[in-house]
Amino acid sequence: MTTPTALEIMLSSPFTSAEAQRHGLDYFDLLRQNVRHASRELYLPGEGEPAIADRVRSHLALTPGAWASHRTSAALHGLWLPDQAADHSWLHLSKPSHLPRVRRDGVVGHRVRVLPDEVVQLERGILASSPARTWLDLGNELGPVALVALGDQLIRSPRPVFDGRSRPHTTKDALAEMLRGHPKMKGVAKCRAALADMRVGADSVQETLLRLCLLAYGFPEPELQIVLRPSDRFSFSADMGYRSIKVAIQYDGDHHLTNEQRRRDARRDAAFRAAGWVVIIVTAEDRQDDFARVRADLRSLFAARAA
């Protein structure tokens with residue numbers, strides 16, 4: 001196996017004119033390579049689209065004092081965004097308000113006021129808005145439901161096996177403090193309203209959307225992460241539900257399609273039913289009509305209890 005040269009490594013991701021010069025390449029040398037001129041002093045290799053982290057790293061090398069922000073920061077942190085905000089063809093880079101905004105091809109530049117700890121360093125030295133600050137940055141772009149869904153993912157208790165971390169990105173108290181530090185920022189009022197509707201316990205965006213849908217249709221707020229037997233630390237739990245009428249709601253996402261997970265789900269549902277609970281299984285298809293089937297089942301169950 002041949003070890004790639006330093007030049008081959010450089011030509012495998014976006015690079016700057018300064019990096020090319022360090023390898024002895026001038027402008028005419030670059031013309032003979034399979035590269036594209038992407039922006040002032042910035043080149044892209046080949047025909048495909050480089051990874052967003054590589055694009056950000058190269059742009060930041062040319063723009064001292066800047067960092068990735070808004071939807072670009074969300075992508076770097078692996079945060080959910082709604083489809084209409086998931087286009088990353090343009091990078092979002094911010095600078096402090098006392099510096100001129102970034103003006104480069106392929107970049108949306110922002111001038112913002114930042115407080116300590118609102119910009120963090122990621123792998124390979126990339127600077128980006130913190131997850132919490134990213135949520136605030138997007139307050140002027142996202143709708144109310146999307147802000148709550150994104151916020152729920154920031155404050156949820158992660159599962160180390162799946163998430164690679166044991167602490168949430170932030171807390172509601174920390175977000176409230178951040179909002180107080182930016183009282184005049186665009187979108188801050190929407191973020192305050194979203195914060196009031198955020199809840200710890202939604203393990204997925206889909207669960208948040210279901211909860212908000214039920215509230216919008218006048219149902220009582222469901223309890224999240226209902227433990228069947230609270231005194232048993234090995235007890236099964238439901239994603240949400242209503243303990244008062246013994247209704248457990250389970251949102252089965254894509255990871256529930258494996259045979260092992262299906263067997264665990266079957267044992268979980270059987271345990272709830274043996275204890276006298278009704279179990280409602282929700283899938284992605286139910287989202288197509290605002291969870292109409294789920295709402296109809298719940299209305300019947302609440303009506304039966306009232307009778």
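Let me begin with helix α13, residues 292–306: its 15 residues reach 21 Å from first C-alpha to last, close to the 21 Å expected at 1.5 Å a residue, where the expected span is 1.5 Å times one less than the number of residues. Helices (H or I, at least four residues) and strands (E, at least two) are DSSP runs, numbered from the N terminus. This is a predicted model, in which local features need pLDDT of at least 70 and side-chain atom pairs count only at pLDDT 80 or more, while totals for chains, interfaces and linings use all residues. Residues are numbered from 1 along each chain as its sequence is written, and side-chain values use heavy atoms, leaving out hydrogens and water.

Within α13, V294, R295 and L298 are buried, meaning under 20% relative accessible area, with exposed over 50% and partly exposed in between (1.4 Å probe, protein chains only). Seen down the axis, the buried residues of α13 fall within an arc of 95°, so they line one face of the helix; the arc is that of the directions from the helix axis to the C-beta atoms. Their cover includes α11 (205–216), β10 (237–242), β11 (247–251) and β12 (278–282), with contact taken as heavy atoms within 4.5 Å. R295 also lies over the face of Y217, at 3.7 Å from the ring centre; the criterion is NZ of Lys or CZ of Arg within 6 Å of the ring centre and within 35 degrees of the ring normal.

I turn to the aromatic pairs, of which there are three. Rings of Phe, Tyr and Trp (its six-membered ring) pair if their centres lie within 6.5 Å; planes under 30 degrees apart count as stacked, over 60 as edge-to-face and the rest as tilted. F219 and F302 form a tilted pair, 6.4 Å centre to centre with 40° between the planes. F219 lies in the loop between α11 and β9 (223–227) and F302 in α13, so the pair ties together parts 83 residues apart in sequence. Ring pairs link F219, Y242 and F302 into a cluster.

Finally, the whole structure holds 17 salt bridges, each a side-chain nitrogen of Lys or Arg within 4 Å of a carboxyl oxygen of Asp or Glu. One of them joins D152 and R211 (3.0 Å, N to O). D152 belongs to helix α7 (residues 144–155) and R211 to helix α11, 59 residues apart. Both D152 and R211 are buried. Another salt bridge joins R293 and D286 (2.8 Å, N to O); R293 is partly exposed at 35% relative accessible area, whereas D286 is buried at 9%.
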